[in-house]
Amino acid sequence: MRQLALFTMSWGVFSPIAEEVFFRGFVYGALRRQMRAPLAVPASAAIFALFHWPHPEPMVAAFVLGTVVAVVYEYSGSLLAPIMTHMGLNLVFVLGTANHGELARAIPPWILMAAAV
């Protein structure tokens, strides 16, 4: 249980904060100053996905996540919104995969959906 708590804090809280400050605050911000949002969003998502190299599945998931949080950032104008979005999606992933999915089967699906939202 201690490992799950540490993993949850790392993946669900600390990583999203650090990644959003860097990738949306700095990378997306720099791209956005150079190009319009329809180009900056996928460009920043691709850079975010490359950060998750060399595993293809996490890269695809990271590209989708990077796209979602960049759009959230673009429309909100605040880093808090993409941080919270990233935290919610990561927490759902952690809960869904913990103990080979046993934890996810023990949690009602509406709670997982609420966490993602």
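Visitor: Among contacts between residues at least 6 apart in sequence, what share joins residues at least 24 apart?
Guide: In this predicted model, 53% of those contacts in the protein do.

Visitor: And how many helices and strands are there?
Guide: Six helices and zero strands. Along the sequence, the pattern reads α-α-α-α-α-α.

Visitor: Let's take H1 and H2. At what angle do they pack?
Guide: About 140 degrees. H1 covers residues 2-34 and H2 covers residues 37-50. Their axes are 9 Å apart.

Visitor: What does that make H1 relative to H2?
Guide: Oblique, because of that angle.

Visitor: Is the crossing of H1 and H2 left-handed or right-handed?
Guide: The crossing of H1 and H2 is right-handed.

Visitor: Which residues make the contact?
Guide: From H1, they are Glu19, Phe23, Arg24, Val27, Tyr28, Leu31 and Arg32. From H2, they are Ala37, Ala40, Val41, Ala43, Ser44, Ile47 and Phe48.

Visitor: How do the residues of that contact divide into nonpolar, polar and charged?
Guide: The contact of H1 with H2 has 10 nonpolar residues, one polar and three charged.

Visitor: Moving on. What comes in the loop between H2 and H3?
Guide: Pro54 lies there.

Visitor: What kind of peptide bond joins Trp53 and Pro54?
Guide: A cis one, with omega at about 10 degrees. As a general point, most peptide bonds are trans.

Visitor: Now H3 and H4. Where do they run, and at what angle do they cross?
Guide: H3 spans residues 56-76, and H4 spans residues 80-97. They cross at roughly 150 degrees. Their axes come within 8 Å.

Visitor: Why are H3 and H4 called roughly antiparallel?
Guide: Angles over 145 degrees count as roughly antiparallel. Their crossing is at roughly 150 degrees, so H3 and H4 are roughly antiparallel to each other.

Visitor: Left-handed or right-handed for the crossing of H3 and H4?
Guide: The crossing of H3 and H4 is right-handed.

Visitor: Which residues of H3 and H4 meet?
Guide: H3 brings Leu65, Val68, Val69, Val72, Tyr73 and Ser76. H4 brings Ala81, Pro82, Thr85, His86, Leu89 and Asn90.

Visitor: How many of the residues in the contact of H3 with H4 are charged?
Guide: None are charged. Eight are nonpolar and four are polar.

Visitor: Back to the whole protein. What percentage of the residues is buried?
Guide: Buried residues make up 32% of the 117 residues.

Technical notes:
Residues are numbered from 1 along each chain as its sequence is written. This is a predicted model: local features need pLDDT of at least 70, side-chain atom pairs count only at pLDDT 80 or more; totals for chains, interfaces and linings use all residues. Side-chain values use heavy atoms; hydrogens and water are left out. Axes are lines fitted to C-alpha atoms, for helices over the stretch in contact, and angles run from 0 to 180 degrees between N-to-C directions. Helices (H or I, at least four residues) and strands (E, at least two) are DSSP runs, numbered from the N terminus. Angles under 35 degrees count as roughly parallel, over 145 as roughly antiparallel, 65 to 115 as roughly perpendicular and the rest as oblique. A crossing is left-handed if the near helix is turned anticlockwise from the far one by less than a right angle, and right-handed if clockwise. Contact means heavy atoms within 4.5 Å. Ala, Val, Leu, Ile, Met, Phe, Trp, Tyr, Cys and Pro count as nonpolar, Asp, Glu, Lys and Arg as charged, and the others, Gly among them, as polar. Buried means under 20% relative accessible area, exposed over 50%, partly exposed in between (1.4 Å probe, protein chains only).
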